[in-house]
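Open your viewer and get ready to select some side chains. We will go from stop to stop and see what is at each one.

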Protein chains: 2
Amino acid sequence: MRTPLIDNLQYANFSPRIFAQMREGGVDAVHVTIAYHESFREMVLNLERWNRWFEDHPDLIIRGTTSADVTRAQETNRTAIFFGFQNPSPIEDDIGLVEICHQLGIRFMQLTYNNQSLLATGCYEEEDTGLTRMGKQVVTEMNRVGMVVDMSHSAERSTLEAIEHSSRPIAITHANPHWWHAALRNKSDTVLSALTQAGGMLGFSMYPHHLAGGGACTLESFCAMIAEAARRYGAQNLGIGSDLCQDQPDSVVEWMRVGRWSKVIDYGEGSASNAGFPPMPSWFVDNRDFSNIRTGLTEQGLSTAEVDGIMGGNWHRFYSESFAPL
Amino acid sequence: MRTPLIDNLQYANFSPRIFAQMREGGVDAVHVTIAYHESFREMVLNLERWNRWFEDHPDLIIRGTTSADVTRAQETNRTAIFFGFQNPSPIEDDIGLVEICHQLGIRFMQLTYNNQSLLATGCYEEEDTGLTRMGKQVVTEMNRVGMVVDMSHSAERSTLEAIEHSSRPIAITHANPHWWHAALRNKSDTVLSALTQAGGMLGFSMYPHHLAGGGACTLESFCAMIAEAARRYGAQNLGIGSDLCQDQPDSVVEWMRVGRWSKVIDYGEGSASNAGFPPMPSWFVDNRDFSNIRTGLTEQGLSTAEVDGIMGGNWHRFYSESFAPL
């Protein structure tokens with residue numbers, strides 16, 4: 001069996017058209033976001049929509065809950081879909097919902113989405129007070145049941161404390177190094193070193209606000225950054241988390257940014273003059289473009305094993321170590 | 001491996017004491033009720049309580065979702081706990097919640113609990129209009145995902161239509177034949193013949209209101225009734241569904257009977273002068289007493305294979321054919 005191709009973060013406006021593009025691009029597994037600001041009950045409605053897609057398109061996609069499902073998808077020419085939350089809102093104030101959500105197939109949960117949550121501090125807050133009392137308890141519970149702590153949208157101290165407190169490796173599923181592009185959402189060398197030294201994974205994002213030069217970022221610049229990250233942190237701790245938001249209307253970026261927490265519009269990584277979804281780089285528009293990144297990484301002098309790992313093998317190993325109960 | 005001992009309906013006030021009694025009585029699996037009138041969200045709180053019990057008492061109980069879990073429980077000297085609803089209230093008006101509930105481990109659902117539901121008519125209504133439009137759709141969906149239709153508290157026509165409409169065998173998990181004791185909750189020969197001819201299962205109840213003579217019913221009378229049922233319907237379609245409500249306060253019987261649907265007290269199978277839980281027969285008080293029934297059945301002249309089947313083997317076979325998706 002060849003090494004699988006895995007994209008560990010997408011929030012596209014999913015449709016049979018996009019599932020067909022996953023197949024065309026040879027994508028074996030995708031971790032999809034199913035909640036930003038939803039309550040538990042609202043999140044269940046999103047799960048129901050996915051159940052309907054699995055029932056209606058069994059030739060294209062399967063529900064993924066274990067690393068073996070990636071192999072099963074490969075063997076049957078389908079894409080395994082794994083679920084994650086970008087915010088802990090679906091567990092509300094109830095630690096018992098962590099295990100319930102794991103039983104429903106959730107495999108990643110961010111402790112924060114930009115703002116302070118009940119668990120930790122988001123990267124847009126002025127003060128970062130680290131893991132809360134509940135946050136520590138929830139990380140321990142996530143470790144127990146097999147749900148990965150994701151700190152992509154969290155602040156520096158909170159992220160370092162999550163790495164420290166977690167007994168299992170954590171993930172930053174979709175972000176880039178701050179030393180390459182100094183965006184608020186990109187991560188410091190301190191964080192990335194601590195993350196990867198503890199066995200954690202970084203997924204590189206192609207969301208334009210995370211790219212040096214935005215949508216005009218070249219494939220060469222992106223892949224040279226990955227090659228440098230492989231030197232600093234080890235290629236085995238790196239993967240892709242494209243943050244693909246294909247086909248989403250601009251109303252969705254507003255839901256992502258303000259949910260119901262504000263009556264005032266917040267532009268997040270955008271601005272009043274650039275409020276919607278930014279255009280993607282020409283070399284990564286949809287699921288058919290992963291071969292460009294593979295080519296770009298090879299041209300940076302990375303070995304075939306390193307490239308295979310970054311394109312999916314590392315996430316596959318991480319899945320196999322992360323999703324089962326302790 | 002010996003034939004397992006299975007009780008396919010209990011709604012005790014569960015506790016480590018009762019779990020220990022299950023072990024003492026050699027009970028390998030129990031189907032427990034986790035909802036009477038709960039909404040989906042309220043039912044999830046009941047699941048959380050069970051998750052905590054599984055975490056805290058791994059030496060006594062395990063969560064059961066497949067027939068293989070019964071064998072695993074036997075091999076490790078524990079009791080497998082399977083979940084069911086006595087009312088479809090947790091799926092609310094949303095057919096997508098059938099699959100969500102199956103993913104959460106629910107394996108049985110009654111289409112009604114005494115009253116008219118969105119799906120069918122309960123046994124206490126004056127008019128029985130059979131399966132509703134949604135009821136037919138939900139039975140088909142339950143067949144698809146692997147959730148057993150249970151008609152224990154349903155009215156005659158609705159039950160016959162459920163047997164007819166379901167593509168998989170259904171169950172009456174806890175009731176007795178009307179020809180033995182003419183209680184409203186007990187089932188006609190017509191229903192029991194149709195049920196078992198379609199491969200469905202009847203679980204015999206020891207709830208006193210379902211017994212000839214109530215709590216004074218003799219073991220001999222109960223076992224002679226089972227022997228007669230085996231002659232009429234075939235021993236392979238019979239099992240136990242004790243309806244054990246051990247340690248419940250009388251406030252719980254009121255919740256079962258009126259939930260939030262009435263401001264006026266309804267006495268159900270009881271009466272104003274006998275409103276609480278009735279006392280159990282002396283030969284079946286808790287999970288340690290199943291050996292009395294085994295002895296009583298043997299004394300009725302049933303073969304060892306027939307007795308083994310009724311005491312659990314038949315439910316085990318039914319589980320193996322019922323819980324997986326089509």
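Start by selecting A:Trp179 and A:Arg232: the arginine lies over the face of the tryptophan, 4.2 Å from the ring centre. A charge counts as sitting over a ring if NZ of Lys or CZ of Arg is within 6 Å of the ring centre and within 35 degrees of the ring normal. Now select B:Arg232, whose charged end sits over the ring of B:Trp179 at 4.1 Å from its centre.

A word on what you have open: this is a predicted model, where local features need pLDDT of at least 70 and side-chain atom pairs count only at pLDDT 80 or more, while totals for chains, interfaces and linings use all residues. Residues are numbered from 1 along each chain as its sequence is written, chains are lettered from A and ligands numbered from 1 in the order in which they are written, and side-chain values use heavy atoms, leaving out hydrogens and water.

Next come ring pairs. Rings of Phe, Tyr and Trp (its six-membered ring) pair if their centres lie within 6.5 Å; planes under 30 degrees apart count as stacked, over 60 as edge-to-face and the rest as tilted. Over all chains, this rule gives 41 aromatic pairs. Select A:Phe82 and A:Tyr319 to see a tilted one, 4.8 Å centre to centre with 55 degrees between the planes. Both A:Phe82 and A:Tyr319 are buried (under 20% relative accessible area, with exposed over 50% and partly exposed in between; 1.4 Å probe, protein chains only).

For your last stop, select A:Phe14, A:Phe19, A:Trp50, A:Trp53, A:Phe54 and A:Phe83, which ring pairs link into a cluster.
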